[in-house]
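Visitor: Hi, I have a structure open here and would like to talk it through with someone. Could you help me read it step by step?

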Amino acid sequence: MTDIELATIAIVDRQLDAYNNRDIDAFAATYHDDVEIHAFPGGLQYQGKDKLVERYGQKFASLKYLNASSLKRMVEGNILVDHELAESASEDANIIDNSVTIIAAYEVIDGLIKRVTFMGR
């Protein structure tokens, strides 16, 4: 495994940890200021860290429990593709009321996540 691949894995793992802890500041710190969030096949959904903080900040604040984990992972250079399981609870932290699997492709530039493309539900 190359140093670039190790760095790519490290930043995506930091992002997942922050997501699971619902820590918007740590989560945002893993992204470029001009991050792009895409959905396949729809294309660009939004751009910029401010928009990311707005969307995910609301999500983190409204949920009682949130956890995402990588089921399968591939990495090539600065590109990482995860098959992820995301679970959340909106009313009671002990009762998961939403569970989805999704493919997330991350592009890391200059040590930060520059682009994410979500595929699936």
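Visitor: What radius of gyration does the protein have, and what would a compact globule with 121 residues have?
Guide: Before the numbers, please keep in mind that this is a predicted model. The protein has a radius of gyration of 14 Å, and because a compact globule with 121 residues would come out near 14 Å, the two agree. The C-alpha atoms fill a box of roughly 40 × 30 × 30 Å along the principal axes.

Visitor: And which helices and strands is it built from, say in sequence order?
Guide: There are 3 helices and 6 strands, and if you read along the sequence they follow the pattern α-α-β-β-α-β-β-β-β.

Visitor: How are the strands arranged in the sheet?
Guide: The 6 strands form an open sheet in the order 2-1-6-5-4-3, with mixed pairing. Strand 2 (43-47) and strand 3 (65-76) stand at the edges with a single partner strand each, so one side of each has no neighbour in the sheet. On average, neighbouring strands are turned by 25° against each other, if direction is ignored.

Visitor: Where do helix 1 and helix 3 go, then?
Guide: Helix 1 (residues 3-20) lies across several strands, including strand 1, strand 3 and strand 6, and runs at about 170° to strand 3. Helix 3 (residues 49-62) packs on the sheet, where it touches strand 1, strand 2, strand 3 and strand 6, and its direction makes about 70° with that of strand 1.

Visitor: New topic: I clicked on His-32. Is it buried or exposed, and why?
Guide: His-32 counts as buried because its relative accessible area is 14%, and the cut-off for buried is under 20%. His-32 sits in strand 1 (residues 31-40), and, leaving aside residues up to four places away in sequence, it touches Lys-49, Ile-109, Asp-110, Leu-112, Ile-113 and Lys-114.

Visitor: How much of the whole protein is buried?
Guide: Buried residues make up 36% of the 121 residues.

Visitor: Last one: which domain does UniProt place here?
Guide: An unreviewed UniProt entry places a domain called "SnoaL-like" at residues 12-115. Over that stretch the chain is 27% helix and 52% strand, and the end C-alpha atoms are 12 Å apart.

How values were computed:
Residues numbered from 1 in each chain as written. Predicted model: local features only at pLDDT ≥ 70, side-chain atom pairs only at ≥ 80, totals over all residues. Heavy atoms only, no water. Helix = DSSP H or I, 4+ residues; strand = E, 2+ residues; numbered from the N terminus. Buried < 20%, exposed > 50% of the residue type's maximum accessible area, 1.4 Å probe, protein only. Contact = heavy atoms within 4.5 Å. UniProt positions renumbered as here; feature names shortened; annotations may be inferred. Pairing = 2+ DSSP bridges. Axes fitted to C-alpha atoms, helices over the stretch in contact; angles between N-to-C directions. Rg over C-alpha atoms; globule rule 2.2 N^0.38 Å.
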